[in-house]
Amino acid sequence: MKLLRILPLTAAAVLLTGCTFGTSIDNLLAPPKQSIEQEQIYSALTDATGSGIRLKYPRSGKYLSAFIIEDIDGDGNSEAVVFYERNGLGVDERTLRINVLDQDDGKWRSVCDTAAAGSEIEKVMISQLGSNERINLIVGSSLINRSEKNVTIYSYDSETESIVPDFSESYSFIDVTDLDGDGTNDFLVLSGAVNNAKAATAEAYKLDEEGKYHQHLCDLSGSFTEFESLSYGRLADGRTGLYIDAVSGTGSIQTDVICMDARGLRRVFSASEISYSTIRPSGCTSHDIDRDGELEIPVQTIAAGYEDVSESEQIRLTEWMSINSSGSLERKYSSYFSIGEGYVFVFPDKWRDRVTVKRDAINDEIVFCTYSNGETGRELLRIYYAEDPVSREDRISADYMLLHTKGDSAYLASIPQSGDDSDGLSLTAGDVAIGFRYME
C-alpha cells in the first residue's frame, strides 16, 4: 500500500522535470539515503565490480536494506552482505549477485562474489539452525513476476573467503522459528500444490553438528496454491502452532494448523474435514481476537432471519473458533465482522443466539436487533463508519459515541434509549467499547 501512495507523487515529479515514463519502478523510486558506513561499503563494492550496478532491496522481513551488516561467520566481527545486479543488461540477462565484504584495519574490501537464483530478493534471514553453531545466510529470491520463489542457505568461511550454498528449494513461505520449543531454531518451508495435483506441504529442517539437514514433512489439508496469512499462536496444550490461512477455491480461504513435537511436524486438526469447515471469504483471517495468545479462526454463519433469502441479500455473522485439546473446533465468540470496513463487534454472552443484524441503507449503518421466534425485535445498537471529518462530526453531534479513528475516518456507535429491558439484552457504553475491535 505504501507504494501505491508514493507513485502518484513520483509520477507528478517526473512530468514536471520533463522526463518520460520509459523507465522502471526501481528508477522512479529513489533509494534510501546511505549512511557513512554504507557509503564506504558501496565504494569498496564498486572498486571490485565497477560502477555499473544496481542495488537490490529485500521486499519483506527484518532486513530491508541492500546492505546487511552482521556477523555471518561467528568471529565476533561484522561482515557486509550486499545484493546487486549489473546495469545495461536485458531482463533475461540480469543476474542477481551477492557480494560479501570484510574489514581489514577498519577498511572494507570485497572478499567474495557469487550469483544468486532469481532476479528479486524476497526475504533475508540470518540465524543458527538446530544444534549446529554455524551462522546461516538464508536468502529467498524470486523471478521478476514473483511467480516462482527459491530459497538458498549459504555459509560464509572467512578463512577461505568464500560463500557456499548447501541448501536450495522452491517455496511459497519461509521462516526461522523454534516451533517445537526445544531452544533451537527450525527452518520452516511451506510449498503450494502444483496445478492442484497434490496437497500443499510443510517442512521443518534441523541442522545437526555435522552439518546435515534433518527434514520433518507433513501434507496440509488441501491443494493450496497460495497463502494469504500465516500467524503463530499458542495451542490448548501450550505448544506453538502455525495458523495457515490458505487460498482455497475461487477467492476463498481456509485454515490449517501445524505444530511440531517429538513425533515431528504434524497437523493439529483431528481430521481434514475440520479444515474444510473453515472455508470463508478472503480477508477473513485468523486473529487473536481477545489477545490471550491463542488465535481464533473465523467461521461464517447466516444471521438469523436470512436463511430463506437470496445469497446476495444475506448477512452473515462470524463465529470465532478455538482449537480444543482433541483437535476440534469450539465456538468461543460470536460477532459481526465487517471485512471491508475492518472492524469486528464481539457479541456479549447474553446476545448469543438471541440477536441478529440488519443494514440501514438510508443511513448507511449496521443495526443490531433482538431476534425471537422468527421475529426481529427492538434495536440494541447502531454502528456507523464515517469516511470523512464532516460525517464524523455529524454523528457526534447526534450523540454517537466515538469508538476508533484512523486518519480522517472514524467508527461511531449509537445505543438507542429504551425503557424496556425485560429481555436483559440492552448494552451500556462500556459494553460497546469492550465489544468493538479494530482489525489492524
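A: What follows looks at one strand, its partners and the turn beside it.

This is a predicted model, in which local features need pLDDT of at least 70 and side-chain atom pairs count only at pLDDT 80 or more, while totals for chains, interfaces and linings use all residues. Residues are numbered from 1 along each chain as its sequence is written, and side-chain values use heavy atoms, with hydrogens and water left out.

Strand β7 covers residues 136–142, where a strand is a DSSP run of E with at least two residues, numbered from the N terminus. In β7, 7 of its 7 residues are buried, a term for under 20% relative accessible area with a 1.4 Å probe and protein chains only. Asn136, Ile138, Gly140 and Ser142 point one way from the strand, whereas Leu137, Val139 and Ser141 point the other way, and all of them are buried.

On one side of the pairing comes strand β6 (residues 120–127), which runs antiparallel to β7 and is joined to it by 7 bridges; two strands pair if DSSP finds at least two bridges between them. Within this pair, Ile126 has Leu137 of β7 as its bridge partner.

Strand β8 (residues 149–157) also pairs with β7 in the antiparallel sense, over 6 bridges, and here Ser141 has Asn150 of β8 as its bridge partner. The two strands β7 and β8 form a hairpin with 6 residues between them, and in its turn Arg146 has a positive phi of about 65°.

Conventions
Buried means under 20% relative accessible area, exposed over 50%, partly exposed in between (1.4 Å probe, protein chains only). Helices (H or I, at least four residues) and strands (E, at least two) are DSSP runs, numbered from the N terminus.
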